[in-house]
Amino acid sequence: MDVVGRNNVVVTGRASGRTLMLAHGFGCDQNMWRLVLPALAERFRVVLFDYVGSGGADSGAWDPERYSTLDGYADDVLEICAALELTDAVFVGHSVSAMVGVLAAAREPARFTGLVMVAPSPCYIDDPATGYPGGFDADDIDELLESLDSNYLGWSAAMAPVIMGNPDRPELGQELTRSFCATDPAMAAVFARTTFLSDSRAELATVAVPTLVLECAQDVIAPREIGAYVHAAIPGSRLVTLPATGHCPQLSAPEATGQEIAAFAGATR
């Protein structure tokens, strides 16, 4: 299996630098990192990739059963690590990929020496029994997924600007809309269900590497209560609130996002 080709893997930056593995979230691809990449590539070896079903990955490798759980995406990550013989990578996961990184590091801890969680959420559904503030109730998520299933392009046009935030910068919402619309609707539907119905709260306690939690000052998808929860659940983690609005700080506040990632990766080797 050509994992590098399957996942459209790109290795760039400083060959002798520490390895950063940048993982995109739902509806996106590696292009979402382009604004932070130049600064990171000056100091680090950077690994970019697309999950199967996204971006330039091989759509022929799509398997709805494999990608119906976050473990399938963690399989992608670990197979890329094996192909590149990575043993000291800092995994930088945006949104749902933050939890993919947690799963991958738990399964093969020798691959990773740090974890950066950008706008993470271990569970998007409120849990009244425990007081967990997921941000959505079960009916909200059901309605979201039903809307996605019935009219994916319409859903993308409506939801992408909300997810991006920054209504005063409509070009950002338009970019995310284009990214969503470029994804095959059937594949996107599976990834969406995997993303919004997963509950990875219990796995946070397995994190045993230095961890940076990056939250945004305002984020309707992963509000600050979530950042506080993740920080409290991962012993020794560091929580930083970025001066950013929306769920994609690598686009809306790339300089601040890149600086925090670089400072963390540079200090934890």
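These entries cover ring pairs first, then cavities.

I am working on a predicted model, where local features need pLDDT of at least 70, side-chain atom pairs count only at pLDDT 80 or more, and totals for chains, interfaces and linings use all residues. Residues are numbered from 1 along each chain as its sequence is written, and side-chain values use heavy atoms, without hydrogens or water.

**Ring pairs.** I found 15 aromatic pairs (Phe, Tyr or Trp rings, the six-membered one for Trp, with centres within 6.5 Å; planes under 30 degrees apart are stacked, over 60 edge-to-face, the rest tilted). The rings of Phe 26 and Phe 196 have centres 6.3 Å apart and planes at 70°, so I logged the pair as edge-to-face. Phe 26 sits in the loop between strand E2 (19–23) and helix H2 (37–43) and Phe 196 in helix H8 (residues 185–197), so the pair ties together parts 170 residues apart in sequence. Both Phe 26 and Phe 196 are buried (under 20% relative accessible area, 1.4 Å probe, protein chains only).

I then checked Phe 91 and Phe 112. Their ring centres are 6.1 Å apart with planes at 90°, so this pair is edge-to-face. Phe 91 and Phe 112 are buried.

**Cavities.** I counted 2 cavities of 30 Å³ or more (sets of 1 Å grid points over the protein atoms alone where a 1.4 Å probe fits but cannot get out; lining residues have an atom within 4 Å of a point).

Methods: Helices (H or I, at least four residues) and strands (E, at least two) are DSSP runs, numbered from the N terminus. Buried means under 20% relative accessible area, exposed over 50%, partly exposed in between (1.4 Å probe, protein chains only). On a 1 Å grid over the protein atoms alone, a cavity is a set of points where a 1.4 Å probe fits but cannot get out, and a pocket is an open set with protein on both sides within 12 Å along at least five of seven lines; lining residues have an atom within 4 Å of a point. Grid points are joined across faces, edges and corners, and a volume is the space filled by probe spheres set on the points.
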